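Please read the points below with the model open beside you.

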Amino acid sequence: MKQLPKIVIADDMQMMRRLLKTALVRGGFQDITEAMNGEELLKALDEDSYDIVICDWDMPRMSGIEALRHIRNSETHKDIPFVMVTAVA
């Protein structure tokens, strides 16, 4: 049986994390970690391996763009698929 991807969601708004996680769980995904900002995202990536990152564009402490730059410049994480989301119109 094929193992489903391990996903990390980074968003400063709990409601958005919950919405994304609920949609993913309904889609059959199970192994989902949450981070409240870019710093927590990078910490999660250093502590465990993930197959996909879903990240908010605008967050305090470290934005999604800043986190993406760090990830793309990292030898260990640079190839992780990264999906940027935003609630800003």
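1. Two strands count as paired if DSSP finds at least two bridges between them. Strands (E, at least two residues) and helices (H or I, at least four) are DSSP runs, numbered from the N terminus. By that rule, strand S3 (residues 52–56) is joined to S4 by four bridges, and the two run parallel. One of the residues involved is Ile-54, whose bridge partner in S4 is Val-83.

2. The model is predicted, so local features need pLDDT of at least 70 and side-chain atom pairs count only at pLDDT 80 or more, while totals for chains, interfaces and linings use all residues. Residues are numbered from 1 along each chain as its sequence is written, and side-chain values use heavy atoms, with hydrogens and water left out.

3. The four strands form an open sheet in the order S2-S1-S3-S4, with parallel pairing. Strands S2 (32–35) and S4 (82–85) each have a single partner strand because they stand at the edges, so one side of each has no neighbour in the sheet. On average, neighbouring strands are turned by 15° against each other, direction ignored. In general, strands of a sheet pair through backbone hydrogen bonds, either parallel or antiparallel.

4. Two helices lie across this sheet. Helix H2 (residues 38–47) lies across S1 (7–10), S2, S3 and S4, and runs at about 165° to S1. Helix H3 (residues 64–72) lies across S3 and S4, at about 170° to S4. Axes are lines fitted to C-alpha atoms, for helices over the stretch in contact, and angles run from 0 to 180 degrees between N-to-C directions. Contact means heavy atoms within 4.5 Å.

5. How do H2 and H3 pack? Their angle is about 25° and their axes are 9 Å apart. The two helices are therefore roughly parallel to each other (angles under 35 degrees count as such). In H2, Gly-38, Leu-41, Leu-42 and Leu-45 meet Ala-67, His-70 and Ile-71 of H3. By class, this contact has five nonpolar, two polar and no charged residues (Ala, Val, Leu, Ile, Met, Phe, Trp, Tyr, Cys and Pro count as nonpolar, Asp, Glu, Lys and Arg as charged, and the others, Gly among them, as polar).

6. Leaving aside residues up to four places away in sequence, Gly-38 touches Met-59, Met-62 and Ala-67.

Conventions
Parallel < 35°, antiparallel > 145°, perpendicular 65-115°, else oblique.
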